[in-house]
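Me: I have a structure open and some quick questions about it. Can you walk me through a few spots?

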Amino acid sequence: MISTLAALFYTPTTAEKPPPSTGLPAICVGKKMAYQKINADQRASGHSQYLDNDDLQATALDLEWDMEKELEEPGFDQFQIDSSENQNLGHPESVDLNLDSIQPSTSPKGRFQRLQEESDYVSHYTRSAPKSNRGNICRLLKMFCTATILFILGILIGYYAHSNCPLDATSPPTVDPHLYQEILKTIEAEDIKKTFRNLLELYRSEDDMEISTKIKTQWTLLGLEDVQFVNYSVLLNVPGPAPSTVTLSSSGQCFHPNGQPCSERARTEGSQDLLYSYAAYSAKGTLEAEVIDVSYGTADDLKRIKKMKNITNHIALLKLGKLPLLYKISLLEKAGFGGVLLYIDPCDLPKTVNSNYDTFMVTLNPGGDPSTPGYPSIDGSFRQSRPNLTSLLVQPISSSLAAKLISSPIAGTKNGICTPLELPYNEIRIVSMKIQTVTKFQTVTNVIGYVKGLTSPDRYIIVGSHHYASYSYNGQAWASSTAIITAFIRALMLRVKRGWRPDRTIVFCSWGGTTLGNIGSYEWGEDFKKILQKNVVAYVSLHSPVRGNSSLHPVASPSLQQLVVEKNKFNCTRRTQCPETNVSSVQIQGDADYFINHLGVPTVQFTYEDIRALEGPSFLSEAVFPQHAIKIEEMDPFFNLHETITKLSGEVILQIANEPVLPFNALDIALEVQNSLKAGDQLNIHLLAVASRLRESAELFQSDEMRPANDPKERAPSRIRMLNDILQDMEKSFVVRQVPPGFYRNILYRMDEKTSQFSILMEFWDHCNSLTSNETLQEALSEVLNSINSAQVYFKAGLEVFQSV
């Protein structure tokens with residue numbers, strides 16, 4: 001894979017290499033100019049046959065002195081006027097010239113420069129008339145011959161210099177607007193359905209090599225270039241030999257996580273579901289303690305409970321949702337709890353999930369291999385001992401078991417209102433929980449292939465799906481994801497085989513280890529971080545594309561939101577029903593995590609959701625359900641939704657990969673920042689001031705540089721390259737160093753659809769109120785302030801670069 005990436009990442013074509021930075025406007029690389037000083041002695045000897053008297057010799061000395069004086073005028077002291085110049089004529093980029101000191105008003109053209117550029121040059125110096133007509137005629141004849149030769153030589157140099165710089169004279173070709181539709185029209189729902197069914201029939205074991213091999217073979221047959229496995233040996237937390245149990249101390253009743261009594265029959269009938277109902281990377285062992293209902297585990301919930309009870313080493317009964325699970329676990333750990341029983345309230349459960357199968361698994365891994373945090377798991381890497389990532393014993397349980405623990409009937413609906421589960425304050429429940437999982441090193445496999453770009457092969461659009469699932473878990477989402485990416489590859493390669501290629505490279509990735517913490521994508525990203533930081537233009541996520549059938553839910557970086565809106569409106573013209581879709585920048589699940597939070601890459605994802613899931617608590621998607629819990633074919637029987645997702649994602653991929661100017665919007669980033677600040681409970685004058693400056697710089701950049709570049713007549717390739725380099729790095733300024741667990745480091749992404757302010761500030765305001773401390777809030781404000789200021793400086797520097805060219 002190293003050789004593959006080296007070949008892919010380091011082979012920009014000559015057309016794409018920008019000319020050396022000289023500070024001069026629109027100069028071809030091949031043009032050369034040299035100042036030559038003619039030795040007086042050689043001149044004298046060469047003319048001796050004509051200088052037959054003392055006056056002419058004196059005139060030659062005057063000319064030599066005049067030349068020396070002019071070459072010593074201000075502005076020419078930067079040049080080394082000797083024979084060594086000729087050694088650099090073939091490599092002009094090696095000569096470092098300080099051109100700032102050259103002032104045309106004080107530094108007229110040198111006499112010999114004028115001789116080279118002006119064929120009708122007439123000497124301006126005066127001398128007395130020669131005493132010999134023969135010498136005068138010979139001198140005039142020589143000057144005429146010299147001027148003629150220089151004139152012809154100038155024409156030849158100009159012709160060849162122009163022919164060697166065609167790229168600055170011609171603009172990139174305009175993209176055919178019908179090209180994308182010709183590629184996408186070959187995508188059909190029936191083909192996606194066949195691929196989906198074949199994948200489900202194939203997948204039978206825990207080892208992901210079987211499905212990885214199938215994907216690699218299929219992509220290779222479709223014509224994708226250099227499809228390879230990229231393997232990493234990582235530390236996985238998997239179920240132990242027996243399922244976890246929860247026992248009521250008062251009655252001695254033992255239950256499995258799904259609420260069934262502990263028995264051999266129950267273990268036999270649902271052995272795999274029971275084994276995989278666990279929290280990956282939880283602490284292991286046994287804990288007996290009182291159960292305390294902490295509801296959703298927010299800072300306010302814990303503040304209220306602390307006033308009423310002693311919670312040290314107790315077991316928290318926690319609902320999933322509203323906030324990231326990792327954040328809530330960190331709060332419970334700091335508060336002193338010893339264990340957590342995690343469940344989903346039936347009132348929050350989407351209708352697409354059958355509540356009869358409400359066992360689920362979660363991961364406590366923020367991302368990547370826990371044994372190599374922040375660096376790749378390659379041979380020779382130091383391995384840290386981290387069998388668990390929290391001191392708490394965490395066990396997911398069904399809502400039916402939660403109801404039994406609180407001696408309450410399972411939540412139901414009365415008069416259209418769902419009654420949530422809640423443990424009465426004055427009742428005491430003591431339970432014993434036992435968790436036995438195993439950590440071991442195992443290979444995780446990524447499948448990587450690409451279509452190399454034609455004019456910008458060193459710029460990449462990464463398209464990601466995933467394939468690894470622990471036995472029957474991760475539902476059927478992995479098959480849906482893989483079927484969609486395969487359908488797009490098939491359509492794309494049909495066009496590539498006819499001779500067309502995108503301008504930029506498209507990299508297709510099927511990630512492994514997604515369920516346990518996006519392990520495959522994190523390790524690959526850490527492995528090639530330096531290259532990806534410089535070259536990745538955008539990431540298109542195909543993680544769990546169909547989760548419902550009632551609402552299209554696109555998520556995009558602020559810079560890509562306008563593009564997503566345009567594509568969705570165009571797609572609406574081809575459908576009978578097209579409700580208005582809201583595009584937002586919110587936290588999402590899946591392998592886009594590394595690219596958003598560590599690389600600051602603009603990202604887009606299209607999914608179909610159940611409208612109730614969007615209206616309910618956020619972060620329920622952190623739960624991973626068994627395969628039989630969510631039936632994809634019941635939600636999309638004709639796979640029309642899959643076809644729509646494929647075409648929408650495909651059109652975005654093609655436009656980013658093929659447009660001369662990246663379709664990113666700088667001003668939308670500034671507007672998103674201002675809206676997030678104005679939505680806060682407390683307005684900070686310093687933040688608003690720097691946000692205003694950011695908007696001004698973004699407006700200038702967009703109007704002065706981006707709009708003219710969209711005119712094909714003004715597309716100088718060197719300027720387009722500079723512009724695109726600025727556009728692709730716009731969001732990197734907003735990746736902060738430190739955030740609460742489970743929060744995005746990229747602060748442009750809000751917590752969920754219900755919040756409109758920076759999530760890091762929202763959390764710290766709540767945290768401040770509960771702990772009556774101002775230090776954490778000031779740290780958060782400083783992080784946001786520095787990010788906005790960094791972005792404003794970045795745009796301003798971009799404007800200055802263009803102004804100096």
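Me: Is F619 buried or exposed?
Reply: Buried. This is a predicted model, and in it F619 has a relative accessible area of 8%. Under 20% counts as buried.

Me: Where does F619 lie?
Reply: In the loop between α20 (611-615) and α21 (632-635).

Me: What about the phi of F619?
Reply: Positive, about 70°. And F619 is not a glycine. Most residues other than glycine have a negative phi.

Me: OK, S544 next. What is its phi near?
Reply: Near 45°. That is a positive value, and S544 is not a glycine either. S544 sits in the loop between β16 and β17.

Me: Is S544 buried or exposed?
Reply: Buried, with a relative accessible area of 9%.

Me: Which residues are on each side of β18?
Reply: T603, Q605, T607 and E609 are on one side. V604, F606 and Y608 are on the other. Both faces are covered.

Me: In which sense do β16 and β18 pair?
Reply: Parallel, over 3 bridges. S541 stands opposite Q605 there.

Me: And how many bridges join β17 to β18?
Reply: 6, and these two strands run antiparallel. Here V555 has Q605 as its bridge partner.

Me: Last one, a helix. How many residues of α16 are buried?
Reply: 8 of the 9 in residues 519-527, so α16 is largely enclosed by the rest of the structure. Among the buried ones are Y522 and W524.

Definitions and conventions: Residues are numbered from 1 along each chain as its sequence is written. This is a predicted model: local features need pLDDT of at least 70, side-chain atom pairs count only at pLDDT 80 or more; totals for chains, interfaces and linings use all residues. Side-chain values use heavy atoms; hydrogens and water are left out. Buried means under 20% relative accessible area, exposed over 50%, partly exposed in between (1.4 Å probe, protein chains only). Helices (H or I, at least four residues) and strands (E, at least two) are DSSP runs, numbered from the N terminus. Two strands pair if DSSP finds at least two bridges between them.
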